[in-house]
Amino acid sequence: MTAVKIVEVGRKLRDFTLKDQHGQDFRLADSQGSLVLLSFHPLAWTSICATQMKHLEKAHKTLGKLQTIPVGISVDSVPCKEAWGKELKLKQLRILSDFWPHGGLAKKLGIFRLREGFSERANVLLDGRGRVQFVKVYPLREVPDLEEIIGFIKAR
């Protein structure tokens, strides 16, 4: 169950900054000109979320050729993200912490599950100006289909 209405295609997001697993800022405004894939996962250290992030890591080069910056996002803290990123052996993928304010970005997008305290599993694709191009919420126990996103990007 989501809180509020899910963000709609066409909506422009305000700039935001979240820390990645290395404590470095990821700022949406720094990505102007590139597509940004916000790949939300409920919680680190769970098998489905791990598979989702490994798929993003594997597709990083393909997405880069499509001028797309993929990032994983959950409500976990930066130290948690750092340890999990090492465990997953992530070399290129940045995994962002939407820890404080707790789930702030997920709430703005209408994909925060208030009852559980984490986000939906969702992909949100933004254009180079921060406008939503694609949004899809997946069942919690389903790994998002990256081929769907790649096909959407290629068809634009």
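Predicted model: local features only at pLDDT ≥ 70, side-chain atom pairs only at ≥ 80, totals over all residues.
Is Glu82 buried, partly exposed or exposed? At 34% relative accessibility, Glu82 counts as partly exposed (buried is under 20% relative accessible area, exposed over 50%, and partly exposed in between, with a 1.4 Å probe and protein chains only). Residues are numbered from 1 along each chain as its sequence is written, and side-chain values use heavy atoms, with hydrogens and water left out.

Now for the sheet. Seven strands make up an open sheet with mixed pairing, in the order E2-E1-E5-E4-E3-E8-E9. Here strands (E, at least two residues) and helices (H or I, at least four) are DSSP runs numbered from the N terminus, and two strands pair if DSSP finds at least two bridges between them. Strand E2 (25–27) and strand E9 (132–138) are at the edges with a single partner strand each, so one side of each has no neighbour in the sheet. On average, neighbouring strands of this sheet are turned by 30° against each other, direction ignored. Strand E3 (residues 35–40) pairs with strand E8 (residues 121–126) in the antiparallel sense, over five bridges, and Leu37 stands opposite Leu125 in E8.

Two helices lie across these strands. Helix H1 (residues 47–58) lies across E3, strand E4 (68–74), strand E5 (94–97) and E8, and runs at about 165° to E3. Helix H3 (residues 78–88) lies across strand E1 (17–20), E4 and E5, at about 160° to E5. Such angles run from 0 to 180 degrees between N-to-C directions, with axes fitted to C-alpha atoms, for helices over the stretch in contact; contact means heavy atoms within 4.5 Å.

Leu88 has a relative accessible area of 11%, and touches Ala50, Met53 and Lys54, not counting residues up to four places away in sequence. Leu88 and Met53 are 35 residues apart in sequence, yet 8.2 Å apart in space, C-alpha to C-alpha.

What about the nonpolar cores? Each is a set of buried Ala, Val, Leu, Ile, Met, Phe, Trp, Tyr and Cys residues joined through side-chain atoms within 4.5 Å. The largest has 23 residues, of which Leu13, Leu38, Phe40, Ile73, Leu109 and Leu126 touch the most other members. E3, E4, helix H4 (104–108) and E8 each supply at least two residues of this core. Apart from it lies another core, of 22 residues, including Leu37 and Leu125.

Finally, the charges. Ten salt bridges turn up in the whole structure, each a side-chain nitrogen of Lys or Arg within 4 Å of a carboxyl oxygen of Asp or Glu. Glu82 and Lys86 form one of them (3.8 Å, N to O); being four residues apart in helix H3, they are separated by about one helical turn. Arg129 meets Asp127 in another (3.2 Å, N to O): Arg129 is exposed at 57%, whereas Asp127 is buried at 7%. Asp15, Arg27 and Asp30 are linked in a network of salt bridges.
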